[in-house]
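Here is my note on the two-chain question you raised. Please read it with the coordinates open.

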Amino acid sequence: MSAARQMVLAESVHKSYGRLEVLRGVDLAVGTGQVVCLVGPSGSGKSTFLRCINHLEKIQAGRLWVDGELVGYRQQGDRLYELRESEVARKRAEIGMVFQHFNLFGHMTALQNVVEAPTHVKGIRREKAVARAKEVLERVGLGDKLSSYPSQLSGGQQQRVAIARALAMDPKLMLFDEPTSALDPELVGDVLQVMRDLALSGMTMVVVTHEMGFAREVADKVVFMDGGVIVESGSPADVLAAPKHERTRAFLSKVL
Amino acid sequence: MAAPAGSPPAGGSPAGGPPAEAITAVPVRHPGRWIAAAIVVALAFVVIRSMATNPRFEWSVVGDFLFSSRIIDGLIVTLYLTAIAMVIGILLGILLAVMRLSPNPMVSGASGFYIWLFRGTPVLVQLLFWNFISAVYPTIDFGLVSFEANSLITPLVAAILGLGLNEGAYMAEIVRAGILSVDEGQGEAASALGMTRLQTMRRIVLPQAMRVIVPPTGNETISMLKTSSLASVIALTELLYAGQLIYSANYKQIPLLITVSIWYLVATTVLSIGQYYLERRFGRGAKREQKQTPLQRLRRILIPTHVRPEDVQTGGGG
C-alpha cells in the first residue's frame, strides 16, 4: 500500500444510512499539498465522504487513510480495532474542518472561538494561544473583529473566523464543506480569497463546492461525484472544460 | 426628475421634500374599557371593605405577629431550605440530564429510572419517607463511621433530601430540553476540533443551553418556595409551621395564616422580579427589540413625551 505519500487515500469506501446507500465505493487519493475539489449534484455523497475523512461519519466497508494512518481504527495483524473516543479526538485535532453554516460558538467572541481548541485540546498556554489566534484572525482579514460575537458578524466574516479557528490548530489537512453556499453572493469573494491564499501557502485541502470558478483556478484535481461514486476526476481543464461523461456534462451545463 | 402627472399635490422635488404634515386624528374610543374598569373598581371596593371592616380578620393580630421573631425565624428556614434544595436540584438535574443523553444505555437507563421514580411519586410522600427512614435503616454506615439515623436525619435534613432529590428529577428534564435546543452543528464543530464529548458539553453546549434553562429554573425556584411549606408535616419549623405553632396556642388561625401568606407573597414577588430581569439578560440577542421594563413603562406614562412635528425626521438626503 502506498498510503504513506498520500495525505488522504480512500479505497472502495462504502457508507449507508440504514438501507440508503450514500457512498458506493469511492476511491480517491489526495497528495500532500494538493487541493482537491469535490463537485456534483446535491445528494451525490460528496459531503458525506468529506465527513468520513475525519470520522464524523463511520464507514461500513473499504479503507480510508489520513497521512498513512487508518481513520477510526487501528490495525494489528489482520484485525481491526476501533479507536477510543480520546484517540479519535486526537486525530481530529490534526484535521481542520469548515462547515457550510460556520458553526461558530455563539457564546464566544471571535478571539475566544479561535483560542478555545488550542488551549483546551492541545493544552497550549493561554498567552501563546491568544497571540497565535490574533495572528490567524489578522491573516483572514479580521484583526479588528477580535471581540465581536458571531451574531454581530456578517456571514462572510463568520466563515473567515471559522477558517481561522481551524487554522489555529495547525492542521495538516483542511476540509471545507460547501464553505460559501450559505453566503450572500457579494460575501463569497472574501472567503474564496482566504481559501486561495491558503492553497498558495501549500495547505492540503479537500473542498466540497459549487464554485466552479474557484475549482478551475485553484484545484489540482477536480472530482465529479454522482450517486455515491466518483464519475470522473482529473485536472480542472479536463473535467470542467472537456468532460468525458454525459452526467458530468449535464451537471456542468446547469451550473456554469 | 419631474413628478409624474397625478401625483399628490404636495409639490416639491421627490427627493427630500418639505417636512411632512404630522397626523392629528381623533383616536378610536374604547367604551368597553371604561365599563370593565368600573366593574373592577366596584368589585375591589366590596372585597376590600369587607376585609377591612370584618373584625374577625383581626388585622391587629396580623400586625402583632408579622415581624415577630418566631415568624421571621420560620421565614429564614423557608428561604434557606428553598436555596439548598434548589442548589441540590440544579446540580443533580445537570448530572441526570447529561447521563440521560449518554450513549451508554445503562447510564441513560439509570437516569431515566431515577426521573421516573421521583416524578412519579408525590413529594409529600417522599418527605414523609425520608422522615421515617430510620425505621428502614436504624444506622447509616459509611464504612469508617456510622450514624444513628434518628440523629443524622433531622427534620431539616429530611426536608432537604426530600425536596432536593425530587427537584433533581424535574430539573433534569429542564436541562435536557436546554441541551437539545442547542444546534447540532455546535457539537459537530467542537468534535471536529478534537474536543471530547464531556469537554463539548461543559465548554460549548451547556453555556448555550442556559438561555433555555434559566426561565423555567426561575419558575421552579418560586414553586419550591411554596412547596417547602409541605415540610410542616414533618415538624420542621419553616414559615407555615411557625405560624401553625403560634395559632395552636392562641387559636388565631386566620390572622396567622394571613401573616404567613404575606411573607410568601413578599418572597415570591422578589423572586419574580429577579426572574424577570434574569430572563431579559439571557434573552438578549434572541429578539430584535427588547420590551420595556415595567419601570420604564411607568416612567413613560407619568412623563408623556409626545412626538412634535418638528422632531419628525425629514426624509431624503440633506
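1. Conventions. This is a predicted model, where local features need pLDDT of at least 70 and side-chain atom pairs count only at pLDDT 80 or more, while totals for chains, interfaces and linings use all residues. Residues are numbered from 1 along each chain as its sequence is written, chains are lettered from A and ligands numbered from 1 in the order in which they are written, and side-chain values use heavy atoms, with hydrogens and water left out.

2. Strand β3 of chain A. Helices (H or I, at least four residues) and strands (E, at least two) are DSSP runs, numbered from the N terminus. Strand β3(A) spans residues 35–39, and five of its five residues are buried, so the rest of the structure largely encloses it. Buried means under 20% relative accessible area, exposed over 50%, partly exposed in between (1.4 Å probe, protein chains only). A:Val35, A:Cys37 and A:Val39 cover one side, A:Val36 and A:Leu38 the other.

3. Its partners. Two strands pair if DSSP finds at least two bridges between them. β3(A) runs parallel to β10(A) (205–208), with four bridges. It also runs parallel to β11(A) (221–226), again with four bridges. A:Leu38 bridges to A:Val208 in β10(A) and to A:Val223 in β11(A).

4. An open sheet in chain A. Four strands lie in the order β2-β1-β4-β5, with antiparallel pairing. The edges are β2 (20–31) and β5 (69–70), each pairing on one side only. Nine bridges join β1 (6–17) to β2(A). One of the bridge pairs is A:Tyr17 with A:Leu20.

5. Interface size. Contact means heavy atoms within 4.5 Å. Chain B gives 18 residues and chain A gives 22. The two chains bury about 1,700 Å², 59% of it on carbon and sulfur atoms. Buried area is the accessible area (1.4 Å probe) that two parts lose on being put together, summed over both. In chain B, the top losses fall on B:Ala192, B:Leu193 and B:Arg203, together 34% of what that side buries.

6. On the chain B side, α9 (184–192) and α10 (197–227) are the elements that give two or more residues. The largest share, seven residues, comes from α9(B).
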